[in-house]
Amino acid sequence: MANPTERDSAARKMVAVARSIVTCQIGLPVGCLRMSRTHHQLGRHDTELPTVFAEYLKEIQELPIASERLLWNRSVLREKDKLLEATNQRFRDWIFDACWTLIDRFAESGPLPSQ
């Protein structure tokens, strides 16, 4: 069997991240960070990809996410978490819809295995 193309590899990664987001295996901030990296790889081959992940990350760029949260003062973190949660609620449905679109689009195309 031939090695997957760069596009197929990026699409497979994008589907995996999308599945992780919709199954709540990872949170929206980290999921969108991973999706953004994968989006960049696949974007060279496919220009019609959802932009919600970048828009969400732009909204939370000043908020603590991932492991840097461990470095923040707890009382300040509680206040920032209120802003993060409000942003999560605003973007959640939009992000989930984009994830389902990507799963539907790439999980069935080409040599990508369906899980």
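Colleague: Is Tyr56 buried or exposed?

Modeller: Before the answer, keep in mind that this is a predicted model: local features need pLDDT of at least 70, side-chain atom pairs count only at pLDDT 80 or more, and totals for chains, interfaces and linings use all residues. Residues are numbered from 1 along each chain as its sequence is written, and side-chain values use heavy atoms, with hydrogens and water left out. The scale is relative accessible area with a 1.4 Å probe and protein chains only: under 20% is buried, over 50% is exposed, and in between is partly exposed. Tyr56 has 0% relative accessibility, so it counts as buried.

Colleague: Which ring does Tyr56 pair with edge-to-face?

Modeller: Rings of Phe, Tyr and Trp (its six-membered ring) pair if their centres lie within 6.5 Å; planes under 30 degrees apart are stacked, over 60 edge-to-face, and the rest tilted. By that rule there are two aromatic pairs. In this one the centres are 5.5 Å apart and the planes sit at 70 degrees, so edge-to-face it is, and the partner of Tyr56 is Phe91.

Colleague: How many residues apart in sequence are the parts that this pair ties together?

Modeller: Helices here are DSSP runs (H or I, at least four residues; strands are E, at least two), numbered from the N terminus. Tyr56 lies in helix α3 (residues 52–59) and Phe91 in helix α4, so the parts tied together are apart in sequence by 35 residues.

Colleague: Which residue forms a stacked pair with Phe91?

Modeller: Phe91 itself is buried, because its relative accessible area is 6%. Its stacked pair has 5.6 Å centre to centre and 20 degrees between the planes, and the other ring belongs to Trp94.

Colleague: What is the relative accessible area of Trp94?

Modeller: Trp94 is three residues from Phe91 in helix α4, so the two are separated by about one helical turn. Ring pairs link Tyr56, Phe91 and Trp94 into a cluster. Trp94 counts as partly exposed, because its relative accessible area is 42%.

Colleague: How do α1 and α4 lie to each other?

Modeller: Axes are lines fitted to C-alpha atoms, for helices over the stretch in contact, and angles run from 0 to 180 degrees between N-to-C directions. On that basis α1 (residues 6–22) and α4 (residues 74–106) pack with axes 9 Å apart, at about 140 degrees. Under 35 degrees is roughly parallel, over 145 roughly antiparallel, 65 to 115 roughly perpendicular and the rest oblique, so α1 and α4 are oblique.

Colleague: How many nonpolar residues does the contact of α1 with α4 have?

Modeller: Contact means heavy atoms within 4.5 Å. Residues making it include Met14 and Val15 of α1, and Phe96 and Trp100 of α4. Ala, Val, Leu, Ile, Met, Phe, Trp, Tyr, Cys and Pro count as nonpolar, Asp, Glu, Lys and Arg as charged, and the others, Gly among them, as polar. By class there are no polar residues and two charged ones, and the nonpolar count is 13.

Colleague: Where is Cys24, whose phi is positive?

Modeller: Most residues other than glycine have a negative phi. The phi of Cys24, though, is near 60 degrees. Cys24 counts as exposed because it has 54% relative accessibility, and its place is the loop between α1 and α2 (28–43).

Colleague: Which loop holds Ala66?

Modeller: Ala66 also has a positive phi, near 60 degrees. With 36% relative accessibility it counts as partly exposed, and it sits in the loop between α3 and α4.
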